[in-house]
Amino acid sequence: MNQQSVPPAPAPSSAPDTPLRVFILDDHEVVRRGVRDLLEAEEDIEVVGEAGDARQALARVPAVRPQVAVLDVRLGGADDDHEGIEVCRELRARMPELACLMLTSFDDDEALFDAIMAGAAGYVLKQIDGTALVHAVRTVAAGQSMLDPRTATRVMERLRDPARDPAAEAEPSELDRLSPREREVLDLIGDGLTNRQIADRLFLAEKTVKNRVSAILSKLGVGRRVQAAMVVERLKGQPRA
């Protein structure tokens with residue numbers, strides 16, 4: 001695999017008592033084997049299952065309870081096939097704690113945007129090198145988003161430009177569901193702050209911030225912080241109720 005612009009993963013100082021559990025979905029057996037071999041070479045990662053199609057993945061993932069699912073975006077081979085994203089959406093509905101890392105051969109803006117809205121924690125190209133892929137798996141397992149700066153910029157540009165995303169023209173109502181304090185927290189999420197940084201900024205306990213973030217995601221109807229940040233970007237400049 002070739003180099004993609006993401007930072008290398010730091011090597012763990014020692015293997016944890018409980019390895020990071022990963023599931024792989026890809027319709028190409030050679031790719032599945034390559035990803036499995038790459039991940040299982042790490043002492044802190046265990047591949048607990050794999051599948052070659054959506055039906056197998058939806059049946060097997062809930063049974064083995066992985067922390068991360070590495071999902072191929074295109075399973076059917078057609079240019080407009082994004083079946084892996086639908087798998088992500090369904091798995092996230094059943095298992096909200098699951099982090100989905102989308103893996104694709106194609107640099108596709110539509111698939112990228114749909115994956116984020118389906119609750120994917122990250123989106124990487126198959127040209128990514130092995131070290132960076134391991135880093136991406138560990139990153140999403142830790143509850144962080146795995147989007148390189150160029151990818152994040154493309155998502156934000158789509159949200160800012162109604163001509164590229166007709167849905168962005170709709171009158172926003174999401175903020176009406178939030179309390180003033182939740183709006184403050186949401187703004188800081190949009191600035192990229194962590195829970196600890198938000199707690200320091202607002203003089204709150206970190207656990208309190210975590211609970212408020214969960215409430216915000218629920219009220220906005222989104223599954224991940226990156227989606228909440230996208231809402232902030234879309235609503236910038238709009239009057240608040």
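Modeller: Start with Asp72, which lies in strand β3 (residues 68-72). The model is predicted: local features need pLDDT of at least 70, side-chain atom pairs count only at pLDDT 80 or more, and totals for chains, interfaces and linings use all residues. Residues are numbered from 1 along each chain as its sequence is written, and side-chain values use heavy atoms, without hydrogens and water. Strands (E, at least two residues) and helices (H or I, at least four) are DSSP runs, numbered from the N terminus.

Asp72 has a relative accessible area of 3%, so Asp72 is buried. Buried means under 20%, exposed over 50%, partly exposed in between, with a 1.4 Å probe and protein chains only. Beyond four places in sequence, the contacts of Asp72 are Leu25, Asp26, Asp27, Gly84, Leu103, Thr104 and Lys126. Contact is heavy atoms within 4.5 Å. Glu83 sits 11 residues from Asp72 along the chain, with 8.5 Å between their C-alpha atoms.

Now the strands. Strand β4 (residues 99-104) pairs with β5 in the parallel sense, over four bridges. Pairing takes at least two DSSP bridges. Met102 has Tyr123 in β5 as its bridge partner. From β4 the chain passes through helix α4 (residues 109-117) to β5, a right-handed β-α-β crossover. Right-handed means a clockwise path from the first strand over the helix to the second, with the strands pointing away from the viewer.

In a regular strand, side chains alternate between the two sheet faces. Strand β5 (residues 122-125) is covered on both: Gly122 and Val124 are buried on one side, Tyr123 and Leu125 on the other.
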